[in-house]
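Here are my notes on this model. Please read them with the structure open.

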Amino acid sequence: MKHFDYLEPRPTWHRKSILWGGFLMVFFALQGIIELTLTIPLLIVGNLIILAYSYLEMNKELMLLTILMGIAQLTRIL
């Protein structure tokens with residue numbers, strides 16, 4: 001633990017709700033609930049939201065997992 005660890009911003013409910021929005025976008029894209037024309041944009045935008053959150057929170061595990069799963073999802077759909 002760093003000495004000035006208390007000065008770092010913690011995730012707020014607003015940032016968490018944006019993350020859950022990204023999860024929902026990926027979920028709806030993969031389940032086929034939305035039309036096929038919106039599947040790829042939903043998938044890309046949802047994964048980018050998750051990547052941005054993991055970068056801001058410095059969560060390397062979530063970032064790596066999102067990159068790997070994004071590649072797998074895109075190759076599965078295309």
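1. Overall make-up. The chain has three helices and zero strands. From the N terminus on, the order of elements is α-α-α. Bear in mind that this is a predicted model.

2. Burial and surface. The chain has 78 residues, and 22% of them count as buried.

3. Contacts along the chain. Take the contacts with a separation of 6 or more. Residues 24 or more positions apart account for 52% of them.

4. The α2/α3 pair. Helix α2 covers residues 39-56 and helix α3 covers residues 60-77. Their axes come within 9 Å and cross at roughly 170°. Angles over 145 degrees count as roughly antiparallel, so α2 is roughly antiparallel to α3. On the α2 side, the contact is made by T39, I40, L43, I44, N47, I50, L51, Y53, S54 and Y55. From α3 come L62, M63, T66, I67, G70, Q73, L74 and I77.

5. Q73. This residue sits in helix α3. Q73 counts as buried because its relative accessibility is 9%, and the cut-off for buried is under 20%. Leaving aside residues up to four places away in sequence, Q73 touches V26, L30, L43 and N47. Both L43 and N47 are also among the α2 residues that make the contact with α3.

6. The nonpolar patch. L24, F27, F28 and I33 form a nonpolar patch on the surface. Together they have about 380 Å² of accessible area. F27 lies in helix α1, residues 13-31. Is F27 buried or partly exposed? Its relative accessibility is 43%, so F27 counts as partly exposed.

How values were computed:
Residues numbered from 1 in each chain as written. Predicted model: local features only at pLDDT ≥ 70, side-chain atom pairs only at ≥ 80, totals over all residues. Heavy atoms only, no water. Patch = residues over 30% accessible without salt bridge, like charges linked within 9 Å, V, L, I, M, F, W, Y side chains within 5 Å. Areas by Shrake-Rupley, 256 points an atom, 1.4 Å probe, with all protein chains shown as cover. Salt bridge = Lys/Arg side-chain N within 4 Å of Asp/Glu carboxyl O. Helix = DSSP H or I, 4+ residues; strand = E, 2+ residues; numbered from the N terminus. Buried < 20%, exposed > 50% of the residue type's maximum accessible area, 1.4 Å probe, protein only. Axes fitted to C-alpha atoms, helices over the stretch in contact; angles between N-to-C directions. Parallel < 35°, antiparallel > 145°, perpendicular 65-115°, else oblique. Contact = heavy atoms within 4.5 Å.
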